[in-house]
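Please open the model in your viewer and keep the selection panel at hand. The stops below follow one another, each with something to select and a note of what is there.

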Amino acid sequence: MATNDNLVTDDLTPTGERRRDFIFVATGAFAAAGAATVVWPLINQMSPSADVLALAQIDLDLSAIQPGQAVKVSWRGKPVFARNLTPAETAAAKAVPVASLRDPQTLEQRTKPGKENWLITLGVCTHLGCVPLGAGEGENKGAFGGYFCPCHGSQYDTAARIRQGPAPKNLEVPDYTFKSPTQVTIG
Amino acid sequence: MSFPWAKHYEPQGAFMKYVDSRLPIPRLVYDSLGGGYPVPKNLNYFYNFGVLAGVALVVQIITGIVLGMHYAANTTIAFDSVEHIMRDVNGGWMLRYMHATGASFFFVVVYIHIFRGLFYGSYKPPREVLWLLGLVIFLLMMATAFMGYVLVWGQMSFWGATVITNLFSAIPLVGEAIHTWLLGGFAPDNATLNRFFSLHYLLPFIILGVVILHVWALHIPGSNNPTGIDVKSKADTVPFHPYYTAKDFFGLCVYLTLFSVVVFFLPNMLGEADNYIPANPLSTPAHIVPEWYFWPFYAILRAFTVDFPFGLVPAKLWGVLAMFSAILLLFFLPWLDTSPVRSNSYRPLNRQLFWIFVVDVIILGICGGKPPEEPWLRLSQIASAYYFAHFLIITPLVSRIEKPLPLPNSISEAVLKRHTNTGAPAALQPAGAGLAEFPASGQPAE
Ligand code: HEM
Ligand code: FES
């Protein structure tokens, strides 16, 4: 049509644009905006639904966990490790030069003040999400005495910091508060 | 599209004429799979695997649809519904074993099909688009098989899903958001299982669509052949039917025999025993492995254990990038290999490198199935490095420096020469139409 002079000459603006181009662009833009409004719900339906998002908090009683022991609990569908470190384990965690770590953090930064023996982390390997071993009785704690991920061999130390293997980060510390010396609320 | 000497479809009888002038499906079949499709006459058994892949796809679709009539995509009963298929549904064990081992057979066939293409240079002009469409099918197959394996909701299903979906969280900045969006939650759960079932049902039909495009792209230049040289005259070809329909049928019988042996006598040969344990989100099996057909790529993923350069890029991101590029590299192969000679039969140096590459992929496959320990880690690092070197350094270099062997003048000349050398009775065959065009061969063509 652009080449059909008879049709379009009287349609030109003083600067030489065709009036009809405006209609084309406006129509195209409208159709694109309309399509986007329809596509968005189709994409967004895949995001977590309201019931999944409903934040779950859990209470955990630490009184039965002896030094050197750990428990595994489920929180938002993921495992959480709560571990009572022995004095030797806290000492080992503190002895490591922080600058030498892949994800530099001290034991103090990863625990609550005065509760350094309580190491509470997600039991989700930061590599590809397996549950590391080491929380259960007699499980392999890896070369650094913390946790060992069987999937691709990540090794965590007694502050659950990544020391060896493909995982990029330390085990995540969830939000939690001490309600009493032996009661924590996670979430 | 077809060669000028292709036979033309003549509808027989009033009814066929009626159909032909309204919806000419019989003509389409005749021209693409029948007597009207001339094919190089020297195709060997490696050329059976395309048809076999098509059959494997149809087997998956048929068995999958009937399994879908009994399967329930809900985390509380998915595992039990698979056991229900195995124990209660009439013949359900057979259908499930056909579907599960069918996926493995599908990959065996497709891997042979791909390596056939690599050996005979079938990815080179004018077949680049054909090659690219094949790779798209390969990617879709991997996605389909991965999601199908999750449906069982056993331990390997769950932890495989955890590991593979976590790959996306390695993407800087948006990775976590994409990961949550893909799962519909923070860990694989009911939302994940449901969408995987929906997509596992859909993708095979998308694959079927791409297969049609793949075959369409094949029929424009026609098949490549073991000599890699172009068809030049009628003497180089035979009609698809009856020659290759018969050959493909024979290959199919062999394939179905082997398939039956595995389905009926060794159905769990390639499976993991851990997948007969229901999924448990709080306990990872001691040794997570994907299905065998992912092993070479899984080994590349795990080969990266240190952050570099200088701890800047995390090992996890390297692993993920390397694994995806290992497949994406294949998309660039037509432009990385610049040698004008297609078939490795005439590329003495590249032929040896091809076999080294095959061995390299097998080594990667073995490493991928082993626990992440030495010596397997070191071995997969070396083998991964070689994998990338093969495509990025060796292939472009060899294309430049290699001196290919002299090519035959035509397919039919090559065929006749081989048969004369081995004393086969080529000379006894009656002279055919293409002879006049081949004074050089000095032998009657068929
Ligand atoms: C490209 C074609 C396909 C491939 C490669 C494929 C692959 C797989 C794999 C590997 C499994 C796990 C098998 C096991 O360990 O039990 C599976 C399961 C399943 N597939 Fe497919 N599949 C395909 C097509 C289909 C289609 C078209 C359907 C139709 C609905 C389907 C329905 C199912 C169902 C219901 C299951 C779960 C039951 C079971 O484990 O046997 N599949 N698929
Ligand atoms: S998921 Fe833990 S090392 Fe890969």
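A polar contact is a pair of N or O atoms within 3.5 Å; within protein, one of the two must be able to donate a hydrogen and the other to accept it, and residues adjacent in sequence count only if both atoms are side-chain atoms. This is a predicted model, in which local features need pLDDT of at least 70 and side-chain atom pairs count only at pLDDT 80 or more, while totals for chains, interfaces and linings use all residues. Residues are numbered from 1 along each chain as its sequence is written, chains are lettered from A and ligands numbered from 1 in the order in which they are written, and side-chain values use heavy atoms, with hydrogens and water left out.

**First stop: ligand 1**

Select ligand 1 together with B:His99, where an N or O atom of the side chain is 2.8 Å from a nitrogen atom of the ligand. Widening the selection to residues with a heavy atom within 4 Å of the ligand brings in 25 residues, and the closest of them are B:Arg96, B:His99, B:Val152, B:His200 and B:Tyr201.

**Second stop: the interface of chain A and chain B**

Now select the residues in contact across the two chains (heavy atoms within 4.5 Å), which are 27 from chain A and 30 from chain B. Buried area is the accessible area, taken with a 1.4 Å probe, that two parts lose on being put together, summed over both; here it comes to about 2400 Å², 66% of it on carbon and sulfur atoms. On the side of chain A, highlight A:Met46, A:Leu128 and A:His152, which lose the most area to chain B and together make up 27% of what that side buries. How many residue pairs are in polar contact across this interface? The rule finds 8, with both residues of each pair at pLDDT 80 or more.

Helix H3 (50–53), strand E2 (70–75) and strand E3 (78–84) of chain A each supply at least two residues to the side that touches chain B.

**Third stop: the backbone**

Most residues other than glycine have a negative phi, and most peptide bonds are trans. Select B:Pro125 and B:Pro126, which are joined by a cis peptide bond with omega near 5°; B:Pro126 sits in the loop between helix H5 (92–119) and helix H6 (128–151) of chain B. Moving on to B:His241 and B:Pro242, you will find another peptide bond that is cis, with omega near 10°, and B:Pro242 belongs to helix H10 (residues 240–265) of chain B.

Is A:Ala160 buried or exposed? With a relative accessible area of 0%, A:Ala160 is buried, a term for under 20% relative accessible area, whereas exposed means over 50% and partly exposed lies in between (1.4 Å probe, protein chains only). B:Leu173 also has a positive phi, of about 65°, and lies in the loop between helix H7 (155–166) and helix H8 (175–183) of chain B; at 87% relative accessibility, B:Leu173 counts as exposed.

Technical notes:
Helices (H or I, at least four residues) and strands (E, at least two) are DSSP runs, numbered from the N terminus.
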